[in-house]
Amino acid sequence: MDTQFIVSLLIILATFALYIGIALYNTARATSDFYVAGRGVPPIFNGMAIGADWMSAASFIGMAGTIMLLGYDGLAYIMGWTGGYLFLTLLLAPQLRKYGRWTVPEFIGDRFNSKPALVLAAACTIIISFTYSIGQLSGSGVVIGRLFEIDAKIGTMLGVVLIAFYAAFGGMKGITWTQVAQYIILIIAYLIPVIFMSLQLTNNPLPWLSYGEIISQMGELDRELGISEYFAPFTNSTKWQFLALMFTLMAGTAGLPHVIVRFYTVTTMKAARWSGAWALIFIGLLYFSAPAYAAFSRFILMTQVAGSQIANLPAWTKSWVDTGKLQVADQNGDGILQWNELIIANDIVVMATPEIANLGVFVIGLVAAGAMAAALSTAGGLMISISSSFAHDIYYRVINPQATERQRLVVARISIVIATLLAGVIALDPPGAITQIVAWAFAIATGTFFPALVLGVWWKRGNAQGIIAGLLVGLAVTLGYIFAAKYGGFTIFGIIDTGAGVFGATAAFATNIIVSLATPAPPQKLQDEVINLRYPEQMIYKDGDVYMKD
Amino acid sequence: MRKIEKRQADAYFKEKNMYTLIYFILWFIVSYGVVLFADSLTDITFLGFPFHYFMGAIGALATFIILLFANAIIGDKIDRKYGIDAKRNEEIGANSTVDH
């Protein structure tokens, strides 16, 4: 057991103790605490909680590496995973908040006055959140496993127990304040290494702009090597795949139930507006930094690792070569490592940076704690949305409407524990790479909730038949395209499985509109409720007139 | 509760929608627009970056953030212009939700 191990362990245990302490202090006592945190979360803190909820293990560990490997094409993730906040904040969040329900399926069920739509939406929530949480759990397993040099499976189980514990205790109220703490830890952990790397390479403490010259220098290095320039567009996929992926990530953002429900925890439409703005600035801090990480790491690998004697590589490379994340093979046997003889796994970038920049044991431990915070905070939010779909939408709204508050909390807590354990078991042997699993969750959200919610909020003529048909067709087309593209090699304009949401969303919008128009209009009362969403809380629409509450 | 002109409420809705449309046009130009023409923007340099790369990594996201803050601030202004009281909204918002 070396110093590094002990320091990392202490930092992680300290942060865990903090999260559990916050969860216990904010134990949910009423069901409204459990689902919507009593609806009193201030926008700026809600923004941080959205940030932590949003930035998952994939964002923290994987994104910088993905950009490094894909070059310009990887920027679809930067724009896609942030541009969706405009859909969310401008088109959906304030209106959904005014409607005043507890969950996303409940909005759909009541807006269309349809139990089948409610159950279908609850099922979609569970499918999306469950798929996404498998990725998170296997991500946290990788971090724990690599850090403590134990099997990733044992690491996963440790993460599962922790998440089940604090999500079940605190509910949304506990999760909100835990997520605020997790955001602060993860952002500090993400920024320190990149700032130091920027200082070492460019003498500029602001990495966000300083890597421009590095990018241009790498372009020259690439030209010398005769490979396509780092910043050259569309080298890995077609332009249409770039656009389709970007749209899928944006629309998926606006259709993820665990993110939308965060906007239910504030008091007003105004607060929802501000939450979205604060959230994007907090998320932006990490997303502005990821391409800088990518550029610095690639530059170091190109100039300090490639071109050196195989027997004489920098010391930090050894542990990564041992884990197989960095492969060096002297293919032409000249004793020197060439750039094309290096194979780099994409999750090495952020995790290896503290060692590359020689930042010492404390920072390495902090980065590990930050990665854990990213995985746990997202998993916590996902577990709450799974449990609310089951305990609130299905159990309370359909199966047993007479259930007492106590019974409902018990069912909610039990469903969190079961969902976490089940996702944990699947995460032990995940069906795909982390980023791939996450991309599927986004595609499904784009094909189901995005069209359903946009039409539900903005189109009063939409009815129950339309929404049900739209959800089913959207789900079928999205899943069908994912499977056809992934296993059948079927593509349109070179759009692969990760861009499937474009087709799902188009089909769902079309189906929803056509079926709604072909069937009778919804009752006047439901249409009035939709018109009412156009105005702030003080204005009430009733029977063709607008009233002002003074 | 007093009745107000439906016309006034509709003007509120229209004004908000007009701004939303402007935000989405700008949003589209900085993200999809730049990607569509990325091939022809590679030779322009901006702050040391090739321009298309700058927009993808920094420019688009910075624009998104500015648009959302503009929306929050202008949204508050429109509310005030139509005599909406934020404090009163908070009271209504805290009490009008379905409680079950």
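Predicted model: local features only at pLDDT ≥ 70, side-chain atom pairs only at ≥ 80, totals over all residues.
**Figure 1. Strand 4 of chain A pairs with strand 1 of chain B.** The sense is antiparallel, and the pairing runs over three bridges. Strand 4 of chain A spans residues 545–548. Met548(A) stands opposite Arg2(B). Val546(A) faces Ile4(B) across the pair. Both partners from chain B, Arg2(B) and Ile4(B), belong to strand 1 of that chain.

**Figure 2. The hairpin of strands 3 and 4 of chain A.** Strand 3 of chain A covers residues 539–542. Strand 3 of chain A pairs with strand 4 of chain A in the antiparallel sense, over four bridges. Met539(A) has Met548(A) as its bridge partner. Met548(A) also stands opposite Arg2(B). Two residues lie between the strands of the hairpin. Asp543(A) takes a positive phi there, near 45°.

**Figure 3. The contact between chains A and B.** Chain B contributes 51 residues and chain A contributes 50 residues. Several elements of chain B each supply at least two residues to its side of the contact. They are strand 1 (2–4), helix 1 (6–36), helix 2 (38–41), strand 3 (49–50), helix 3 (51–81) and helix 4 (86–95). Helix 3 of chain B gives the most, with 17 residues. By class, the chain B side holds 30 nonpolar, 12 polar and nine charged residues.

**Figure 4. Helix 1 of chain A packs on helix 15 of chain A.** Helix 1 covers residues 3–25, and helix 15 covers residues 361–399. The packing angle is about 40°, with the axes 8 Å apart. Helix 1 of chain A is therefore oblique to helix 15 of chain A. The crossing is right-handed. Helix 1 brings Thr3(A), Gln4(A), Val7(A), Ser8(A), Ile11(A), Ile12(A) and Thr15(A). Among the residues they meet in helix 15 are Phe362(A), Gly365(A), Ala369(A) and Met372(A). This contact has 11 nonpolar, five polar and no charged residues.

**Figure 5. Phe234(A), a residue other than glycine with a positive phi.** Its phi is near 55°. Phe234(A) sits in the loop between helix 9 (207–225) and helix 10 (239–253) of chain A. Is Phe234(A) buried, exposed or partly exposed? With 18 other C-beta atoms within 10 Å, Phe234(A) is partly exposed. Burial would need 20 or more.

**Figure 6. Leu47(B), not a glycine, has a positive phi.** The value is about 50°. Leu47(B) lies in the loop between strand 2 (45–46) and strand 3 of chain B. Is Leu47(B) buried or exposed? Leu47(B) has 12 other C-beta atoms within 10 Å, so the residue is exposed.

Note on methods: Residues numbered from 1 in each chain as written. Chains lettered and ligands numbered in written order. Contact = placed C-beta atoms within 7 Å. Nonpolar A, V, L, I, M, F, W, Y, C, P; charged D, E, K, R; others polar. Pairing = 2+ DSSP bridges. Axes fitted to C-alpha atoms, helices over the stretch in contact; angles between N-to-C directions. Parallel < 35°, antiparallel > 145°, perpendicular 65-115°, else oblique. Left-handed = near helix turned anticlockwise from the far one by under 90°.
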